Protein chains: 2
Amino acid sequence: MARGRKLDEERSEHILGTVLDVLHDVGYDQMRMQDVADRAGVGLSTIYRRWPTKQDLVRASLECPRATEQYVVTDDPRADVQAFLTRMAQDLSGKGAQTMLGFLASLRADPEVADVYRETKIAKMQEFLRSRLAAVLGEDFPDLDLRATAGPAILVYQAAVCGNPIDADAIAGRLTDLLFAPLPVELR
Amino acid sequence: MARGRKLDEERSEHILGTVLDVLHDVGYDQMRMQDVADRAGVGLSTIYRRWPTKQDLVRASLECPRATEQYVVTDDPRADVQAFLTRMAQDLSGKGAQTMLGFLASLRADPEVADVYRETKIAKMQEFLRSRLAAVLGEDFPDLDLRATAGPAILVYQAAVCGNPIDADAIAGRLTDLLFAPLPVELR
């Protein structure tokens with residue numbers, strides 16, 4: 001019994017990891033359940049038995065351990081933010097910008113999946129960045145929420161909306177400087 | 001002859017203004033040429049004779065005088081930026097977030113119109129904000145481009161991606177403070 005459960009869990013993890021790969025490669029708007037099944041080497045029925053809808057499947061994948069391993073917390077909050085933004089900028093380079101555009105398109109076309117993304121990926125990013133900023137700027141710093149959205153916002157806008165090529169290391173460095181900049185005296 | 005040309009120009013301006021209204025109300029992805037014709041009170045052929053494709057029509061509308069009247073330059077660059085961001089935040093509130101999502105969806109679905117937007121609206125915003133920031137921070141301030149994208153990026157992200165309700169005055173004020181903040185001494 002225990003062994004069966006373990007195998008079952010491993011298979012679920014494998015399928016959810018495949019979903020993350022497909023989301024990364026083609027975007028939510030072009031993801032088909034059959035592609036996930038083929039790539040994971042399982043039957044469609046195996047997927048539908050666990051996750052009855054595409055939204056369920058996406059939610060589970062965005063909540064699985066692999067989806068949150070990028071939120072690394074060390075004793076250097078500034079380095080944590082810079083590492084996260086560098087990785088996000090790399091992900092958004094080239095084809096990644098199309099994947100983000102696919103996600104943005106789905107926000108309009110599929111309000112249910114928009115909620116899934118907001119409640120998982122976007123909330124998790126915001127929480128992580130806010131807490132790393134708070135560790136340096138203080139929990140009562142007035143712009144924590146604004147600055148926590150600024151990093152992802154600027155990367156998404158530059159890569160996907162403006163279609164600019166991104167130098168991941170350079171932009172992550174400059175962004176991190178801006179996000180951790182103390183308020184000028186007159187605004188404190 | 002002169003009178004005929006003037007009437008012709010007025011009619012073009014009226015049609016392009018209608019396009020801006022339709023883009024604002026339903027978004028590019030749901031705009032139909034027939035809706036524009038109906039709302040402007042002209043025949044479809046009148047539109048197609050001047051602008052053979054939907055992309056031509058959108059480009060012309062985004063370049064017409066009414067589309068650029070929001071870029072007001074006074075002798076107070078900070079107030080100009082705040083006024084612009086306030087208006088953009090208001091535009092993005094409520095239904096405006098859907099319109100922006102429609103535009104974002106079209107970036108993926110229709111790369112040609114993506115280029116039209118980038119070459120007109122997005123380039124114009126960037127140029128305006130960059131020049132107003134440069135007037136205060138100096139032309140050789142290292143983060144001018146980054147900060148010029150930060151305003152629209154954060155507003156679009158919060159309204160359309162996160163789906164947060166926006167307090168236009170409050171967020172425009174805080175954003176303006178952040179954009180004009182001098183660099184900390186160690187980063188100069």
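Colleague: How many residues of chain B are in contact with chain A?

Modeller: In this predicted model, 33 residues of chain B are in contact with 33 residues of chain A.

Colleague: What makes two residues count as being in contact?

Modeller: Their C-beta atoms, placed from the backbone, lie within 7 Å. The 33 residues on each side of the pairing are therefore counted by that cut-off.

Colleague: Which elements of chain B give two or more residues to the side that touches chain A?

Modeller: They are α7 (95-109), α8 (111-137), α9 (144-161) and α10 (168-180) of chain B. Of these, α9(B) gives the most, with eleven residues.

Colleague: How many residues on that side of chain B are nonpolar, and how many are polar or charged?

Modeller: There are 23 nonpolar, five polar and five charged residues on the side of chain B that touches chain A.

Colleague: How do you know what confidence the predictor has in chain A and in the complex?

Modeller: On the pLDDT scale from 0 to 100, chain A has a mean of 90, and 97% of its residues reach 70 or more. For the complex, the predictor gives an ipTM of 0.87 and a pTM of 0.89.

Colleague: What is the secondary structure of chain A?

Modeller: Chain A has ten helices and zero strands, so its pattern along the sequence reads α-α-α-α-α-α-α-α-α-α.

Colleague: What makes a residue of chain A count as buried, and what percentage of the chain does?

Modeller: A buried residue has 20 or more other C-beta atoms within 10 Å of its own. Of the 188 residues of chain A, 36% count as buried.

Conventions. Residues numbered from 1 in each chain as written. Chains lettered and ligands numbered in written order. Predicted model: local features only at pLDDT ≥ 70, side-chain atom pairs only at ≥ 80, totals over all residues. Helix = DSSP H or I, 4+ residues; strand = E, 2+ residues; numbered from the N terminus. Nonpolar A, V, L, I, M, F, W, Y, C, P; charged D, E, K, R; others polar. Buried ≥ 20, exposed ≤ 12 C-beta atoms within 10 Å, placed from the backbone.
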